[in-house]
Amino acid sequence: LMQTLDLPEYKHWKPFFVTLLETAMRPGELQKTTWAMIQNLDQPERAVIALTARASKTKKARIIPMSPTVREIIENQKQFGTDANKPVFDTTNYKNITKEILAAAEIKEFWVRDTKHCAVTN
């Protein structure tokens with residue numbers, strides 16, 4: 001998967017997938033994560049994603065700590081704008097492109113939501 005995400009046509013999606021793998025967030029939750037939910041980015045040891053109940057599948061707010069890798073990804077995402085109500089990741093055409101990425105990586109019987117299980121296992 002990571003090798004496929006390094007290809008120029010999919011490189012835009014690598015930060016999204018790495019964040020899923022590092023945080024154990026559900027894909028829909030990460031898609032709904034806005035800049036208003038990013039807290040303490042300037043303080044590495046306190047940087048978190050404050051997921052709102054509205055953005056959570058379980059309808060319960062929760063705090064997701066950022067690993068150094070996720071913090072760096074979020075910092076890099078700033079280049080695309082940091083409007084409080086704007087999503088952190090551009091997931092335009094999400095369903096089609098993720099199917100394409102998994103097919104290109106020759107990964108079968110895997111759903112993007114399975115990244116949550118991979119993250120917990122890791």
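In which loop does alanine 47 lie? Alanine 47 sits between E1 and E2. Helices (H or I, at least four residues) and strands (E, at least two) are DSSP runs, numbered from the N terminus.

The model is predicted: local features need pLDDT of at least 70, side-chain atom pairs count only at pLDDT 80 or more, and totals for chains, interfaces and linings use all residues. Residues are numbered from 1 along each chain as its sequence is written, and side-chain values use heavy atoms, with hydrogens and water left out.

**Confidence**

The protein has a mean pLDDT of 91, and 94% of its residues reach 70 or more. pLDDT is the predictor's confidence in each residue, from 0 to 100. Where pLDDT is low, the predicted coordinates should not be read in detail.

Buried means under 20% relative accessible area, exposed over 50%, and partly exposed in between (1.4 Å probe, protein chains only).

| Residue | Relative accessibility |
|---|---|
| Alanine 47 | 3%, buried |
| Serine 67 | 19%, buried |

Serine 67 is in the loop between strand E3 (62-65) and H4. Beyond residues up to four places away in sequence, alanine 47 touches Gln39, Asn40, Leu41, Pro65, Met66 and Arg71. Contact means heavy atoms within 4.5 Å. The side chain of serine 67 makes a polar contact with the side chain of glutamate 22, at 2.7 Å. A polar contact is a pair of N or O atoms within 3.5 Å; within protein, one must be able to donate a hydrogen and the other to accept it, and residues adjacent in sequence count only if both atoms are side-chain atoms.

**Helix H4**

Val70, Ile73, Ile74 and Gln77 are the buried residues of H4. Seen down the helix axis, they fall within an arc of 95 degrees, so they line one face. The arc is taken from the directions from the axis to the C-beta atoms. These buried residues pack against H2 and strand E1 (38-39). Pro68 and Glu72, on the other side of H4, are exposed.

**The core**

The largest nonpolar core holds 29 residues; Trp13, Phe16, Ile38, Met66 and Ile74 touch the most other members. Helix H2 (14-23), strand E2 (48-51), helix H4 (68-77) and helix H5 (94-104) each give two or more residues to this core. Such a core is a set of buried Ala, Val, Leu, Ile, Met, Phe, Trp, Tyr and Cys residues joined through side-chain atoms within 4.5 Å.
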